[in-house]
Amino acid sequence: MTTRVIIVDDQAMVRAGFAALLAAQSDIDVVGEAPDGAQGVELSRRTHPDVVLMDVRMPEMDGLEAARRILAPPPGGGGTAPGEHRPRVLMLTTFDIDDYVYEALRAGASGFLLKDAPPADLIAAVRVVAAGDALLAPSVTRRLIADFARQRPAARGKPALRLKALTHRETEVLTLVARGRSNAEIAQTLVLAEQTVKTHVSRVLTKLDLRDRAQAVVFAYESGLVTAGE
């Protein structure tokens with residue numbers, strides 16, 4: 001299957017470079033570009049991409065607000081309306097620590113990538129996000145979330161109460177996901193088969209009504225399950 005991608009960035013050279021790199025891949029099709037968040041939202045609604053590469057800082061409308069609008073549930077709830085499509089959003093940033101990125105993860109973005117990452121990382125990131133996984137491998141992502149969480153006390157109450165829906169093993173798995181461990185690393189730590197870990201992660205996401213691993217990490221910090229500096 002071909003992954004449809006749009007690129008939203010206020011720098012024309014960045015858009016052109018990313019577009020040329022991605023379009024050269026046989027499994028990726030760049031279906032549009034936009035110079036700011038507002039046009040990016042409109043472009044996303046018109047072209048129905050699988051992945052949106054979204055710059056964090058832009059004029060008119062920044063990437064955070066654009067991500068919120070693209071990923072917002074349809075009015076009135078009830079899930080995605082017939083014919084409505086919500087893509088995966090991958091945030092692009094020049095800075096390795098940026099509160100905007102954390103807020104974008106909370107809004108439902110599937111991860112973030114530094115603009116100066118090697119070309120192979122960009123291509124891999126698009127494929128990972130398109131497959132439904134979250135891009136949380138870079139240590140800067142974990143540091144970013146931990147730093148932001150350190151500035152805000154854990155949100156007790158509803159997030160913490162939702163943890164009670166998890167079994168002991170599922171709680172262990174969520175804790176390790178929040179610490180940036182891969183499925184293979186979690187399997188090794190807990191002495192489980194990797195497929196079993198995948199099943200536990202899937203159950204955690206379902207029980208907590210979370211979109212992907214990125215939101216699971218945010219939830220773990222906000223519920224107090226994991227604290228910065230542990």
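**Exercise 1.** Describe the contact between the side chains of E65 and R68.

*Solution.* The side chains of E65 and R68 meet in a salt bridge, at 3.5 Å from N to O. A salt bridge is a side-chain nitrogen of Lys or Arg within 4 Å of a carboxyl oxygen of Asp or Glu. Next, locate the pair: E65 and R68 are three residues apart in helix α3 (residues 63-71), so about one helical turn separates them. Helices (H or I, at least four residues) and strands (E, at least two) are DSSP runs, numbered from the N terminus. Finally, check accessibility: E65 is partly exposed at 27% relative accessibility, and R68 is partly exposed at 38%. Buried means under 20% relative accessible area, exposed over 50%, and partly exposed in between (1.4 Å probe, protein chains only).

This is a predicted model, in which local features need pLDDT of at least 70 and side-chain atom pairs count only at pLDDT 80 or more, while totals for chains, interfaces and linings use all residues. Residues are numbered from 1 along each chain as its sequence is written, and side-chain values use heavy atoms, with hydrogens and water left out.

**Exercise 2.** Which residue forms a salt bridge with R46?

*Solution.* The partner of R46 is E42, and their closest N and O atoms are 2.4 Å apart. Both belong to helix α2, where a spacing of four residues separates them by about one helical turn. E42 has 42% relative accessibility and counts as partly exposed.

**Exercise 3.** Work out how E172 and R169 are placed.

*Solution.* E172 and R169 lie three residues apart in helix α8 (residues 168-178), about one helical turn from each other. They form a salt bridge whose closest N and O atoms are 2.8 Å apart. E172 is partly exposed, with a relative accessible area of 25%; R169, at 29%, is partly exposed too.

**Exercise 4.** In what order do the five strands stand in the open sheet?

*Solution.* The order is β2-β1-β3-β4-β5, with parallel pairing. Two strands pair if DSSP finds at least two bridges between them. β2 (28-34) and β5 (112-114) are at the edges with a single partner strand each, so one side of each has no neighbour in the sheet.

**Exercise 5.** How many salt bridges does the structure hold?

*Solution.* The structure holds nine salt bridges. A network of them links D9, D55 and K115.
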